[in-house]
Amino acid sequence: MNEADRLEKQMNFCRELDTEKFIKRMTYLHDGIRRENDAEHAWHMAVMAIVLSEYSNEPIDLLKTLKMILMHDVVEIDAGDTYAYDEKGKETQAEREKAAAERLYGLLPDKQGDEYRSLFEEFEAGETAEARFARTMDNMQPLMLQGMTNGKAWEENGVKLSQVLKRNERSKLGAEKLWEYTYENIIKKGVANGKLIDDVNDRFN
């Protein structure tokens, strides 16, 4: 592949990324009026990872982690965002995202596309230090917004404490201190103010 063709493929991918700004998530921005989009979510996670990387349980390659954070949700351009507590949507999520990964990373020159597809797969597997920390960021960022909006999306969707704990059962593997902070300052407050349904008996005793 000559240089001009390589650049054109890369630019086509970059143009395609603009679509990520239209993929709406369920989480509200801190004003509680507009829901965030995928691009905002990815940017926010990336900055949080830079600021909070010192709390990773293990040493991480920060650049690799940032690539993983910024690239893993690109598949939602085709697959859409699957809400964390949408059990029906989760049944087809892996299949939809795999097909999206083939098309979207396939827009890039082969070696580069293979790298980003590999990072997407590594994130999903959650078995490396970078993936564990990236997944903690992916879980923590929307929880932070829940705290900032007084649990608005939790209340609207009737989310239960057991669902939040299940979703975050591996968060402590990436950054235990950040999980403890989130649990104490966001999740417990969500239960206390009635925005998060407490279906876990004696959890806070």
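Me: Where does Asn-150 lie?

Reply: Asn-150 sits in the loop between helix 7 and helix 8. Bear in mind that this is a predicted model.

Me: Why is Asn-150 called partly exposed?

Reply: Its relative accessibility is 40%.

Me: What is the phi of Asn-150?

Reply: Positive, at about 55°, although Asn-150 is not a glycine.

Me: How do you know that the span of helix 6 agrees with what its residues should give?

Reply: Helix 6 runs over residues 110-125, which is 16 residues. At 1.5 Å a residue, they should span 22 Å. The end C-alpha atoms are 22 Å apart, so the two agree.

Me: Which residues of helix 6 are buried?

Reply: Gln-112, Gly-113, Tyr-116, Arg-117, Leu-119, Phe-120, Glu-122 and Phe-123. They pack against helix 1 (3-16), helix 3 (62-72), helix 5 (87-105) and helix 7 (129-148).

Me: Why is Thr-182 called buried?

Reply: Thr-182 has 2% relative accessibility. The cut-off for buried is under 20%, so Thr-182 counts as buried. Its place is in helix 11.

Me: Which residues is Thr-182 in contact with, leaving aside neighbours within four places in sequence?

Reply: Met-140, Leu-143 and Ile-187.

Me: Which residues line the largest cavity?

Reply: Thr-182 is one of them. Helix 7 and helix 11 (176-192) each supply at least two of the lining residues.

Me: How does the lining of the largest cavity divide into nonpolar, polar and charged?

Reply: Three are nonpolar, five are polar and none is charged. The space inside is about 30 Å³. The count comes to one cavity of 30 Å³ or more.

Me: How much space lies in the largest pocket?

Reply: About 840 Å³. Its lining has 38 residues. Thr-82, Ala-84, Asp-138, Asn-139 and Arg-167 lie nearest the centre.

Me: Which helix gives the most to the lining of the largest pocket?

Reply: Helix 7, with eight residues. Other elements that supply at least two include strand 1 (24-28), helix 8 (152-157), helix 9 (161-167) and helix 10 (171-174).

Me: How many residues in that pocket lining are nonpolar, polar and charged?

Reply: Ten are nonpolar, 13 are polar and 15 are charged.

Me: Why is Asp-5 called partly exposed?

Reply: Asp-5 is found in helix 1. Its relative accessible area is 43%. Buried needs under 20% and exposed needs over 50%, so Asp-5 is partly exposed.

Me: How far apart are Asp-5 and Tyr-28 in sequence and in space?

Reply: They are 23 residues apart in sequence. C-alpha to C-alpha, Asp-5 and Tyr-28 are 40 Å apart in space.

Conventions
Residues are numbered from 1 along each chain as its sequence is written. This is a predicted model: local features need pLDDT of at least 70, side-chain atom pairs count only at pLDDT 80 or more; totals for chains, interfaces and linings use all residues. Side-chain values use heavy atoms; hydrogens and water are left out. Helices (H or I, at least four residues) and strands (E, at least two) are DSSP runs, numbered from the N terminus. The expected span of a helix is 1.5 Å times one less than its number of residues. Buried means under 20% relative accessible area, exposed over 50%, partly exposed in between (1.4 Å probe, protein chains only). Contact means heavy atoms within 4.5 Å. On a 1 Å grid over the protein atoms alone, a cavity is a set of points where a 1.4 Å probe fits but cannot get out, and a pocket is an open set with protein on both sides within 12 Å along at least five of seven lines; lining residues have an atom within 4 Å of a point. Grid points are joined across faces, edges and corners, and a volume is the space filled by probe spheres set on the points. Ala, Val, Leu, Ile, Met, Phe, Trp, Tyr, Cys and Pro count as nonpolar, Asp, Glu, Lys and Arg as charged, and the others, Gly among them, as polar.
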